[in-house]
Amino acid sequence: MKSNLKPILLLVLIAVVLPELLTGSSSISTFLSPLHLIILFFGYGLPVLLVREITVRKNFSFGGVIVLGFAGGVFSEGFLAKTLIRASELPVSQYNDYGYILGVSLPFTVVIGFWHALASLLMPILLVYWLYPE
């Protein structure tokens with residue numbers, strides 16, 4: 001178990017830092033608040049571990065990781081951040097009041113879903129696999 005701890009911690013750390021700090025979604029002071037870190041762990045850390053385990057155990061392809069990542073992004077933005085149901089004040093202002101159909105910002109949902117698939121799931125998994133191929 002000790003040999004697996006470093007890749008697990010690195011995977012969670014990259015999955016939390018990459019989409020939040022490198023994009024500027026969270027400031028350093030907000031990011032380091034204990035409550036925010038707990039929320040980010042549940043929003044990014046657990047999903048990336050779950051997706052990684054499912055893809056390894058079920059031998060999913062690259063496309064499978066993208067589909068699971070998209071679902072994880074929709075979960076994160078829809079249930080945790082609740083940005084998918086907003087018509088305005090979205091994190092990406094170009095999507096404000098655009099494509100809001102049946103209570104959901106559809107264009108923003110597609111874009112943010114794929115963004116999460118790449119930035120918070122696929123990239124962290126690939127980076128950790130590159131560093132720890134075993």
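How many residues does helix α4 have, and how far does it reach from its first C-alpha to its last? In this predicted model, α4 spans residues 62-80, which gives 19 residues, and its reach is 26 Å. That value is close to the 27 Å expected at 1.5 Å a residue. Beyond the helix comes Lys-82, whose phi is positive, near 55 degrees.

Several of its residues are buried, namely Gly-64, Val-65, Ile-66, Gly-69, Gly-72, Gly-73, Ser-76 and Glu-77. The cover over these buried residues includes α3, residues 34-57, and α5, residues 106-131.

The pairing of α3 with α4 may be examined in more detail. Two packed helices are described by the angle between their axes and the distance between the axes. Here the axes of α3 and α4 come within 10 Å and cross at roughly 160 degrees. Because angles over 145 degrees count as roughly antiparallel, α3 is roughly antiparallel to α4. The crossing in which α3 passes α4 is right-handed. On the α3 side, Phe-42, Gly-43, Val-51, Ile-54 and Thr-55 take part in the contact, and they meet Val-65, Leu-68, Ser-76 and Leu-80 of α4. The residues of this contact comprise 6 nonpolar, 3 polar and no charged.

Leaving aside residues up to four places away in sequence, Ser-105 touches Leu-84, Arg-86, Leu-90, Tyr-95, Tyr-98, Gly-99 and Tyr-100.

Technical notes: Residues numbered from 1 in each chain as written. Predicted model: local features only at pLDDT ≥ 70, side-chain atom pairs only at ≥ 80, totals over all residues. Heavy atoms only, no water. Helix = DSSP H or I, 4+ residues; strand = E, 2+ residues; numbered from the N terminus. Expected span 1.5 Å × (residues − 1). Buried < 20%, exposed > 50% of the residue type's maximum accessible area, 1.4 Å probe, protein only. Contact = heavy atoms within 4.5 Å. Axes fitted to C-alpha atoms, helices over the stretch in contact; angles between N-to-C directions. Parallel < 35°, antiparallel > 145°, perpendicular 65-115°, else oblique. Left-handed = near helix turned anticlockwise from the far one by under 90°. Nonpolar A, V, L, I, M, F, W, Y, C, P; charged D, E, K, R; others polar.
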